[in-house]
Amino acid sequence: MGTLLGLPMSHVVNLFERLERLGVTAGHLERVRNDRDYGAEVAKLIKTLDQKMAGKDYEITVDYSLTLKEMLEQCAGNHGVYHKNINEAHFPRPDRRDRVCKRLVVVNPHRRVTLYEGSEELERRGVAQATIEDLFSLGFTGLDYYDACLIALGTRWESVNPEEGLTQQYVVALGRTLSGDPHIWLHDTSSSFEGRYLSLGEKK
């Protein structure tokens with residue numbers, strides 16, 4: 001079927017699979033696939049939810065005395081999973097042990113963007129790129145009601161393949177599995193970010 005108003009159909013399908021537990025039936029999904037007008041209304045609703053979240057401020061406290069592993073475990077909870085390469089060897093911690101209050105904002109450009117374009121979008125809105133410490137301190141606030149992922153562009157890991165002599169950059173992404181469990185992984189920055197990836201920024 002392609003996309004609806006620029007939204008990948010796979011995201012709409014995943015959304016309905018999760019909402020099925022709340023009473024959304026296969027008939028609703030079938031109607032989205034076959035009824036263009038109804039599908040457009042669903043896509044419009046999802047974008048409205050994006051817009052409600054995007055621009056919303058979140059006040060957090062970052063505790064720099066915690067290790068990265070402690071932050072990860074605190075963020076993921078008992079049932080969450082996270083990538084083994086998210087560790088202090090690849091993501092060195094800042095040399096500080098204080099607690100800092102910050103104001104974060106979620107930015108969604110509503111289009112596919114590259115890492116460079118995502119960084120430009122944050123700069124255009126006058127916010128700094130959030131770090132993984134910011135990301136883990138915010139956690140899953142606001143991500144419970146639909147399929148979306150938060151990314152922190154302010155911290156990156158450069159992985160070097162010695163055999164091929166290639167360097168690849170990764171950023172950390174935070175989202176949920178279809179079962180609703182927390183999921184924290186690495187996103188390859190050589191590919192673009194779709195609209196379901198929301199950039200996290202720190203207000204200056």
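Glu-59 is exposed, with a relative accessible area of 60%; exposed denotes over 50% relative accessible area, buried under 20%, and partly exposed the range in between (1.4 Å probe, protein chains only). The side chain of Glu-59 meets that of Arg-103 in a salt bridge, at 2.6 Å from N to O. This is a predicted model, in which local features need pLDDT of at least 70 and side-chain atom pairs count only at pLDDT 80 or more, while totals for chains, interfaces and linings use all residues. Residues are numbered from 1 along each chain as its sequence is written, and side-chain values use heavy atoms, with hydrogens and water left out.

- Strands (E, at least two residues) and helices (H or I, at least four) are DSSP runs, numbered from the N terminus.
- Arg-103 is partly exposed, at a relative accessible area of 36%, and Asp-57 is partly exposed as well, at 28%.
- The pair of Arg-103 in strand β5 and Glu-59 in strand β3 likewise links distant parts of the chain, 44 residues apart.

- Glu-121 and Arg-125 meet through their side chains in a salt bridge of 2.9 Å, N to O.
- Glu-121 is buried, with a relative accessible area of 8%, whereas Arg-125 counts as partly exposed at 40% relative accessibility.

**Helix α4 and its surroundings**

- Helix α4 spans residues 68-76, and its buried residues are Leu-68, Met-71, Leu-72, Cys-75 and Ala-76.
- Viewed down the axis of α4, these buried residues fall within an arc of 120°, so they line one face of the helix; the arc is that of the directions from the helix axis to the C-beta atoms.
- An α-helix has 3.6 residues a turn, so residues three or four places apart point the same way.
- The cover over the buried residues of α4 includes β3 (57-63), β4 (81-82), α6 (132-138), β8 (166-176) and β9 (182-188), with contact taken as heavy atoms within 4.5 Å.

Terms used. A salt bridge is a side-chain nitrogen of Lys or Arg within 4 Å of a carboxyl oxygen of Asp or Glu.
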